[in-house]
Amino acid sequence: MRRRTPTCGFISDFIIMRLSLASQHLLVLLSVLSLTNPSSTTTTDPSVNTTTTTAQPWTAPAVFYPFGLAAGDTEHVETGGESYYSVGLSTPFKFFGRTYNQIYVNYNGLLTFNVPSTSGPYSPTRGAEDFIAALWNDFDDDYSGVFSYQQYTNGSVLTRATQDINQYFSQVNINAAWVFVVTWRYALQPDPAILFQVVLISGSGQSYFLMNYGDCAVLYGQLEAGYDTINSTSYFVIPDSTNGNYQNLKNTTNVNVPGRWAFNAWAAPAIFYLFGSAAGDTEYSLTSDEGYVPVSFSIPYTFFDNTYNSLYVHFNGLLTFNQPEPASGPNYNPTRGAEDFIAALWSDLDDYYSCFFSYQQYTNGSVLTRATHDINQYFPQMNFTASWVFVVTWKYGPQQNPAILLQVVLVSGGDLSFFLMNYGDCATISEQMEAGYDTINSIYHFVIPDSTNGNYQNLKNTTNVNVPGRWAFIAGNESVTTTPTTTFPSVDTTTAQPWTAPAVFYPFGLAAGDTEHVETGGESYYSVGLSTPFKFFGRTYNQIYVNYNGLLTFNVPSTSGPYSPTRGAEDFIAALWNDFDDYYYGVFSYQQYTNGSVLTRATQDINQYFSQVNINAAWVFVVTWRYALQPDPAILFQVVLISGSGQSYFLMNYGDCAVLYGQLEAGYDTINSTSYFVIPDSTNGNYQNLKNTSNVNVPGRWAFNAWAAPAIFYLFGSAAGDTEYSLTSDEGYVPVSFSIPYTFFGNTYNSLYVHFNGLLTFNQPQPASGPNYNPTRGAEDFIAALWSDLDDYYSCFFSYQQYTNGSVLTRATHDINQYFPQMNFTASWVFVVTWKYGPQQNPAILFQVVLISGGNLSFFLMNYGDLAVIYEQTEAGYDTINSIYHFVIPDSNNSNYQNLKNTTNVNVPGRWAFIAGNGSVTTTTTTTVSTTTTAQPWTAPAIFYPFGSAARDAERLISGDEAYESVALSTPYTFFGRTYNSLYVHYNGLITFNQPQPASGPYYYVTRGAEDFIAPLWSDLDDMGWMGKYWYQQYTSGSVLTRATQDINWYFPQMNFTASWVFVVTWDFVATSDVNSFIHHSAQAITFQGVLISGGNLSFFLIHYGDCAIIYDQVEAGYDTINSIHHFVIPGSNVGYSLPNLKNTSNVNVPGRWAFMGGSENVVGLQMRLQSFSDLTKKEDIETVLQQIKQELVNRELSSSVEMKLRKIKKTQP
């Protein structure tokens, strides 16, 4: 054949193909075939000139930025473990409100900012980490690999980043000034089987990041991609990263570029109410200098005695009520003028920055709920309910990353009105400015201090309500009656006497032998080593920091500033926290005591203020501050720390207090503010009255117990209204009748027994003082909170209470839905029982059980605090009749029991959570506390779909070696690209589609064979000699389809799926030959289930696990396809001794359940270059070329059902 030179060519730019997931990887291979070489020879059809098909050097997908040694990266080879590298950033990077100068690159696909590692997936963690999870998994345990990184401050990479960000985020107009690229590659021969990348980009005061994905091989264990922030104020999880479709990440995107996700790293601070177009606001951009917009109110608003029906929103950061304000910048407050106004940030901002503001009024919904909560938090005496809220927000500079952000929230309800002022970032301002408020004639006025002194950029850290960036004010009411602070008459002496401190003060000063320091100015402090450790609300300290500014801190030498609670990372006592060291000359002095009269006095004081304590003080630390010393101190206060008998307390003593300037506060706060208190008169302007206030009826003295139960504990004790018991007999117990029956693993009870030895039993009391180690194989249903002979060594108190309404049910509902999100649970009954051993005020041993039920579901929580030394056997967990269900908390039965407060199964230290039953179980209810339940038929876990004779399944007794049954399907089922009208159910735990599988046990994956199969649990089960059955049924209507629809939409939310067909097959094996034992599962058992689901063009399958005994033969669970194009092995399923743990594993966060997508129709783009002698502007020529390409794809195992369409064509010259 003579070669023909084309006179013109056509380049096809994009071919759209509709094909199954099973074929997508083929397209990646085909997309790199070059069809552009005009010198190559034709093969079969002269109308298409294809190029060479020889192997090409591997190249990364086009979405990837340059990486590796060739790009000049710093590269690290994976060495195993959870290693990381700290990288100093040449340019600070701002990540959701926090600025970082370094980053930690972790081998496990994680970038962290503030700490080198985190606790593990999944997001949101509600933790203390800022991180980007490129692809967070322990693949460094399974694959060799490298990561590499590089920073750029000039060149083509910055040009590319600028183009990318401006393309994905309209109206941004960023010029990238810095780019950081980090790339992970695993399994490198011949090219990486796992490839992903993160690109950090900053410039023009903005910050963004990209996440790029290539191929991803099979991964084991939990995985996740996305990002999270401290306290999860901003977070995102890429959907396919957690639902089993992680290998599809290279085809997912949020910016219409397959394999790329792009994010803006800016977010408004959490204090801001929702705003902007997303919130439905009315928006304005600057149209004239000094402009404003009048806004009519839907409900009148009272502002300091004047009621208004409208206001003016100014572009210059001002709200005025009675008239617009023409001045561009502030007439400094107080103006003594004729305006009522709120100056959010009043300056001539609109002359320097583009300006947008938006506003919205609310009369119902979640915004009112939030406003109600906020106001009652800051003004607790008001008992306020918001009925109207007006939110106005100003943004200056780039819309995506505003350089200046501020907000005012007007709130009213009843006859009360308030306003909040919220501050975010504040860029440089070149004019006068001011924040605060003023009224007509300046009768009421206030200026936020940092707004006028040059520190305006610090406004986001200032507050008057202990919430950084927020200021809250009451704007008016008609009937406020304040509750007066109890005062005590002071003694009036008529003759001059030598000055002496008030009698409440412990000895101090040089005369008492104190160490004394003279105030030298600034925020100085002294670190004091403690001779005896001091326990402060659950944490023990060996040193303390004494600050000149009236503050004692434990874990850090200084804190961020008033007010408490800070929700910060400090434990502190604010004796009188103020900057008086800037105004007064003074000293502080301190001393520790371990014997003598001071200890005697402390013992008497604490036993007087805290009844039933019986403390013997063993250590006292006294620190005293004195300011303005001539002729006697004008400011005098003192803190006394006291410990002994395993307990800790502190006193705060007050004398005279001169005039103070700036914020002040007295009280205490703890890390995360789990315990805190503010002495009322310290923050309301009455601080000079502190010497007359008290909480123990001793003027000038406040006394506090420094112990508190961990935050995980539900309220308990007399303060919560509990019924309380103290130990009256050895091995005693108390029967408690339930107001609502409670189901515990198949048995429903109307009562239980609370034992002094840390045990809850249901069907009978347990006489043994210590544990018969679980599993007992006995006749008891019990929960062992901490089972030991504790009552022989410690005084014991327990208390309990049942709840059927109120905040405890709300908390229980929240907790259960957090730990078991698939349940959509609402608590209707809660029973809380708490054990305390040792001193009541400071228990040496503390633990709690919370029973929770609602609908047909029941759960229980186990909470642990401190645990002192125990001299007997111990155990924590639960067990059931015949030990069908049982669990031992690992550290509870070894010498590590004191560590229980740090253990968990739900990522909350000290807490364990368990599901105890669901209403699909048929049970016998006990009627009195002395009734013993009869043996019940075994029931499967709640995750199982209905099966067995009760579900009218087809039932088969397993009796033949390697037997199977062919089942015709009422609806065809698609399994990874192939559609089947029948399947084979095998006795040995296998489902095959295209042919039966004669082998008794697995050919370990991948088989590269000729079978499509699902292996729920593939082993030589039928040879074990156990009694076994399997059941199956197909559904095309009814509740099973409803359930399947809900399940699939939960795990694959993007699908909008409706099930039209379900096939359920269940295997059950019990180590017995007795039918009764089989029914009751009274011996070792292996139970598992496969659920096939289809609807529309989508198909899925679930695999469920109940009890699985150890198998001493080859075993495996997962799936495989013809030629192993798609395959997966459930981790741990191919190790026989690991099988009992299958019921706790999952890829969808539902213990015992694995969910997979078996096939769908997707649109995939394929870009090609080809030359053709045909005129591709003609339809018939297009069809010919498309058919030839299709045939080539089919030859490479693409489904013949593929549809192809030419989307774009470009004519070129030869």
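**Exercise 1.** Which residue is the bridge partner of V587 in β33?

*Solution.* The model is predicted. Start with the two strands: β32 covers residues 586–593 and β33 covers residues 619–627. They pair in the antiparallel sense, over 8 bridges. In β33, the partner of V587 is R626.

**Exercise 2.** Compare the span of helix α2 with the expected span, then find what its buried residues pack against.

*Solution.* Helix α2 runs over residues 156–168, which makes 13 residues. From its first C-alpha to its last it reaches 18 Å, close to the 18 Å expected at 1.5 Å a residue. The buried residues of α2 are V157, L158, A161, T162, D164, I165 and Y168. In an α-helix there are 3.6 residues a turn, so residues three or four places apart point the same way. The buried residues of α2 pack against β8 (145–152), β9 (178–186), β10 (194–203), β11 (206–216) and β14 (260–264).

**Exercise 3.** Which elements have the lowest and the highest mean pLDDT?

*Solution.* The protein chain averages a pLDDT of 79, and 79% of the residues score at least 70. Among the elements, helix α1 (residues 24–30) has the lowest mean, 29. The highest, 95, belongs to strand β58 (residues 1085–1095).

Conventions:
Residues numbered from 1 in each chain as written. Predicted model: local features only at pLDDT ≥ 70, side-chain atom pairs only at ≥ 80, totals over all residues. Heavy atoms only, no water. pLDDT = per-residue confidence, 0-100. Helix = DSSP H or I, 4+ residues; strand = E, 2+ residues; numbered from the N terminus. Pairing = 2+ DSSP bridges. Expected span 1.5 Å × (residues − 1). Buried < 20%, exposed > 50% of the residue type's maximum accessible area, 1.4 Å probe, protein only. Contact = heavy atoms within 4.5 Å.
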